[in-house]
Amino acid sequence: MTPLVTRDVRTVPGRGVRGSAEGRPVAAGNGRLMNDLGWPLPPSLTERARSLEASGCSVVYVGWGEQVHAVLSLDDSPLPEAHAAIAALRERGLDATLLTGDLAQAAERIAALVGIKDVQAGLSPEAKRLALDRLRHDHGSVAMVGDGLNDGPVLAAADVGIAVGSATDLARETAALVLPADGLWMLPWIIDVARAVRRTILTNLMWAFGYNLVALTFATFGLLQPILAAAVMAGSSILVVVNSLRLERLPDPVPALIPEQRSGTKSQRTHDGAGISAMAGPAVERS
């Protein structure tokens, strides 16, 4: 069978894609897309789709000629290191929320596999952004981890947007940080580094302001000679530099802490829009 060339392909955010083939409209997406197009679903396909959705699969409807003709079932498999990464984030005092455009059954199944309790399913890109705003209101700063096309606007709206190495181009462009391919296990280590850098910055600022306050007070009462002030200033700069160089002593990430997949096949990556994790807490702050 020779594949047909599809033209005028357009993405419908949160719903699917549509285009034309041999002069006829074609589309693939969720039920909302088919309802918007006014394409009827045959009863046999509707029953089959409901059965697949109830089993925790994601369903994609495929139609052409202004009617739905097929249903595709997608079964997501989380990355092997996802559960350990979520557990490590929880140990660091961070709350994880799964935001996804998938149906509730599929989202809850994936969330249970990776250890996430808070799940918000069936979200459009705009609804994900609104959910992000609510999390920010409840927890303060929020970091987002995503890889799908629909995740781009939400990654841009987060305080810290983090894209997985295999993410779409849009997600990589809008994220503030891009993990290497198969680098989700590095996420807890990145949090540790960010916290250490923030502590170092605050320590340097406290020393700089404290030194200047004390030095100005002594200078005002004539108790600090210019030569001594210059020497103390040089010593202060050296102290700040040495304190910053302590960051080089931070341990490197250890992939051995994350279970590796030993089977001959590689785990499937979650399909576009399948979900993004939101990490919320006072420990995640923009700096």
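This passage describes the fold, the surface and selected residues of one protein chain.

The model is predicted. The protein chain has 287 residues, of which 37% count as buried. Its secondary structure comprises nine helices and eleven strands. Contacts between residues at least 6 apart in sequence were also examined, and 54% of these join residues at least 24 apart. The chain exposes about 16,400 Å². Carbon and sulfur atoms supply 59% of that area.

Charged pairs were considered next. Side chains of opposite charge can pair when their charged atoms come close. The count for this model comes to seven salt bridges. Several involve helix α5. This helix spans residues 125-139 and holds both R129 and E126. The two residues are three apart, about one turn of the helix. Their side chains meet in a salt bridge, with an N to O distance of 2.5 Å. R129 is partly exposed, at 29% relative accessibility. E126 is partly exposed too, with a relative accessible area of 42%.

R129 also forms a salt bridge with D133. Here the closest N and O atoms are 3.3 Å apart. D133 and R129 are four residues apart in helix α5, so about one helical turn separates them. The relative accessible area of D133 is 29%, which means that D133 is partly exposed. D133 in turn forms a salt bridge with R136, and the closest N and O atoms of this pair are 3.0 Å apart. R136 and D133 are again separated by about one helical turn, because they lie three residues apart in helix α5. R136 has 24% relative accessibility and therefore counts as partly exposed. Salt bridges that share partners join E126, R129, D133, R136 and D159 into one network.

A nonpolar patch was found on the surface. It is formed by I201, L202, L205 and F209. Together these residues have about 390 Å² of accessible area. One of them, L202, is found in helix α8, which covers residues 187-220. L202 counts as partly exposed because its relative accessibility is 40%, between the limits of 20% and 50%.

H83 and G115 are 32 residues apart along the chain, yet their C-alpha atoms are separated by 6.0 Å. Leaving aside neighbours within four places in sequence, H83 is in contact with L113, V114 and G115. H83 has 43% relative accessibility, so it counts as partly exposed.

T100 provides a buried site in a loop. The loop runs between strand β6 (95-99) and helix α4 (104-114). T100 has a relative accessible area of 0%. Buried residues have values under 20%, so T100 counts as buried. The side chain of T100 reaches the backbone nitrogen of D102 at 3.0 Å.

Backbone angles were examined at two further residues. Phi of D8 is near 55 degrees, a positive value in a residue other than glycine. D8 has its place in strand β1, residues 7-12. D8 is exposed, because its relative accessible area of 63% is over the 50% limit. E66 is not a glycine either, and has a positive phi of about 65 degrees. E66 lies in the loop between strands β4 (58-64) and β5 (67-74). The relative accessibility of E66 is 54%, so E66 counts as exposed.

Methods. Residues are numbered from 1 along each chain as its sequence is written. This is a predicted model: local features need pLDDT of at least 70, side-chain atom pairs count only at pLDDT 80 or more; totals for chains, interfaces and linings use all residues. Side-chain values use heavy atoms; hydrogens and water are left out. Buried means under 20% relative accessible area, exposed over 50%, partly exposed in between (1.4 Å probe, protein chains only). A polar contact is a pair of N or O atoms within 3.5 Å; within protein, one must be able to donate a hydrogen and the other to accept it, and residues adjacent in sequence count only if both atoms are side-chain atoms. Contact means heavy atoms within 4.5 Å. A salt bridge is a side-chain nitrogen of Lys or Arg within 4 Å of a carboxyl oxygen of Asp or Glu. Patches are made of residues with over 30% relative accessible area and no salt bridge: like charges are joined within 9 Å, nonpolar side chains (Val, Leu, Ile, Met, Phe, Trp, Tyr) within 5 Å. Accessible areas come from the Shrake-Rupley method with a 1.4 Å probe; for residues, only the protein chains shown count as cover.
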